[in-house]
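Dear colleague,

Please find the structure below for your records. My notes on it follow.

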Amino acid sequence: MNANVDAAVTDRRRPIVLGVGLVLASMALTGLVLLPIGINPIGAYAQILKGAFGSINALTEDLVYATPIILTSLSVILAFRCGLWNLGSDGQLYLGAIATVGLGFNRFGLPGPALLPAMAVAAFAAGAVWAALPAVLRLRFGASEVIVTIMMNFLAVTIATYLVGGPWASGITPATAPIVPDGFLPVLMPGTRLNANFLVAIAAAAILSFVLRRTVFGYRLRTIGQNIDAARYAGMPVNRIRFLSFACAGGLAGLAGFGEVAGIYHNLPNGLSPGFGYTGIVVALLARLNPIWAVIVALALAALNVGSGGMQRAMGIPVSLVSIMEAVLILLVLSTRLLERRA
Amino acid sequence: MNSRSTLRHIARAKKAPAATWRFEAVKVSKSYGAVVANDGVSVDLNAGEIHALLGENGAGKSTIMKILYGMELPDAGHIAIDGQALKIDSPADAIAAGIAMVHQHFMLVPSLTVLENLILGNRRFGGVMTDKRAVQAEIAALAQRYRIEVDLQRPVGKLSVGEQQRVEILKALVRGARILILDEPTAVLTPQEVKALGLTLRELAQEQHGIFIVTHKLPEALGLSDRVSVMRRGSLIGTWPTDQITSAELVMHMVGHSLPASVSRPELSPGSTVLELKSTCIPGHAGRPELRDINLQIAAGEIVGIAGVEGNGQQELAEAIAGLRHVSAGEVLLCGDVITNAPAAGIFAAGVAHVPEDRHRDGVVLDFSLTDNAILVDHEIPAFQKRGIIDRGAVVRFTDRLIDDYQIKCSGHDAAMRSLSGGNQQKLVLGRELARRPKLLIAVQPTRGLDVGAIDYVHRQLIEQRSTGVAILLISTELEEVIALSDRIVVMREGRVMALPDKPSIETIGAAMLGSVGTVMGAA
């Protein structure tokens, strides 16, 4: 009995030990790339740490950067847990942003306090509708959601570019006109960009975790993802649940777009997302489709990205170093998983 | 043939036929976890012979063939040719040794032409530059020689299933195979195509090729083969020359002679009708049999056993009652209420429990814990959830009770289903279904893949349920199981239910399974 408990504890500790080990290994490997070009890797890493954690501003920037990634990774996780690939969270994020801006101009004259919630709901709905389309094509006609969602990413970016350059153009910067101040998300710490959408993202992770583990809906969703034949045998409404979860996945990505517009830019700039959706896929896989781990992984990746900016400024090392480190880390994680599967 | 011919080895073979040879598996054993798929199986194949391997699904015939083709490695025993041990660790080794397998699901590229499929991945036809015309002429000659009619220029995707099978056989020959393993070759063929296949195989045998046919269909095994072997529960029962054994004898070997140490079965007079099928029809689909005009009644406290050779509609019948398959005509009644084509969840809620045939596919989620598996069907009932939130405490208590009551061996309720043996998995499925206090229990192959102890346990549970007034539909290809447990036995053959006289002998049942006696139930 005692041995069992011990085994359970090591089981729980194992992923943490493994994770830290992999990060160290990828740092060592990236260091091997740096040495020949005459850069001290230790110094570079120290600059990254300083850039990521060296000041209040750096710390809040980590959280700002992590916010959309948390939401897009949750989006990927939700779809994946019922056996569907959502590679379209970048596009769904754009749709959410478009809906947020469209409502944020407040041409409908919504009363001040109602505007922000309405924008959030609209962003969720827009992302959900954008995801519902590939879901229907998949569930009704068997079209691969992988391909359809990727193609719709380009479509979403194109629509946004059109709006920025055309009907909603500000005429000054490559962005739309600003939204009204009633539509600004509250700032959590004065003087920083950290806004309330970070709390939304954390809450979304907690809710998703709870839904998956504890609710009937989450149970059905997991069953479908693990064994769709058993779900059919048990009489679950398979297609309805797959549709709902895919649409909600789109909605989560839409909330990421909401936060970028209402919390950071207060308009829709050209090139809003530097690939938040794709980073979300990476985070989801590194977090093994666990919503809570997704938050931790997203924070770590965000710190790495923010810190690398500091390193670039201080030492003149290109940011692509960090891309190399991330890529090495991902390859290491995937290879350990292959090894596990063999064992 | 010109000297550059890529098929010159076959051209040579034509002049001087290959010498005789003997290919054999010697005392091969293979287990998957606790399930013994092959237990000391020895089969052999001679040049110029067609050898049929008969057995129900799960009898282990596919396993032995996979071992011969290098897809699985044996735990014990070896493969030999002419008495010399042969090391086959992969299909590549098998192909090099002249062994080819024609799978039930063809391994062809639909968008490529027949010719392209035939030379695909075959080194002998060169790399980038291939003289297609010369190759085509030779393959055409080869095809003609074995009377394999197929248009080499057509894309494979446009061919019928029978034609695709011919392409697969041709592919094996192009690769120089002398030993062919055909897995359920007739499963998807029309009677005419079966006949054509027979001619081709006979032609091949005359050229000193050897052929294994794996099947569970008796008539074809008898019609095509020179020798026939029967496997049951992982063991080889015997091998006989086809002309010296009758189909009735073969059925006996397939389903087993000996009655098990009898399960004590108290006398009971059946109660009111629980399940009633009235002229139910279920359309065939993708090679599955069509069910016609099924009439069947099961009373409370009665076990009705359905015997029959696998694939005669038993699975379809169970799925139709459980709401997993569309009923095109007729009615299904549960305690007088029509449940025809009701959603599966509604049928479960109305009091039907279903132990599905394919436990791993349908009955459990292998990567879930036992607790998650325990509520697979009943996750929505008030005992386990309140306002959409699962009551984890109640589920854990329920799972612990199942583990206790059914003596499920596991490391606890959080153990993964995958970590349990087949028998313990089945106990959980059975326990879960019985805990729902069903009026009707559909048990399909409830003891498949289980060891003797677990089989006995399942049998006693079924009898106990019968005593408490549950109506049980028992579908099994294990004839001894059906006889030992059932109050009434019917036979399914070709999608029809045949009635039998009271207390039928094993011979009568066997004959009905083959179609020589028995009347269609409900027909005047």
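How many residues of chain A are in contact with chain B, and how many of chain B with chain A? In this predicted model, 17 residues of chain A are in contact with 27 residues of chain B.

The size of an interface is often given as the accessible area lost when the parts come together. For chain A and chain B, the buried area is about 1900 Å², and carbon and sulfur atoms give 60% of it.

On the side of chain A that touches chain B, the elements giving two or more residues are helix H7 (197-214), helix H8 (216-226) and helix H9 (228-233) of chain A. H8(A) gives the most, with six residues. By residue type, this side of chain A divides into seven nonpolar, five polar and five charged residues.

A separate point concerns B:Ala37, which is placed in strand S2 (residues 35-46) of chain B. B:Ala37 counts as buried because its relative accessibility is 10%, and the cut-off for buried is under 20%. Leaving aside residues up to four places away in sequence, B:Ala37 touches B:Lys30, B:Ser31, B:Tyr32, B:Ala59, B:Gly60, B:Thr63 and B:Gly234. B:Thr63 lies 26 residues from B:Ala37 along the chain, and their C-alpha atoms are separated by 6.7 Å.

Yours sincerely

How values were computed: Residues numbered from 1 in each chain as written. Chains lettered and ligands numbered in written order. Predicted model: local features only at pLDDT ≥ 70, side-chain atom pairs only at ≥ 80, totals over all residues. Heavy atoms only, no water. Contact = heavy atoms within 4.5 Å. Buried area = accessible area lost by both parts, 1.4 Å probe. Helix = DSSP H or I, 4+ residues; strand = E, 2+ residues; numbered from the N terminus. Nonpolar A, V, L, I, M, F, W, Y, C, P; charged D, E, K, R; others polar. Buried < 20%, exposed > 50% of the residue type's maximum accessible area, 1.4 Å probe, protein only.
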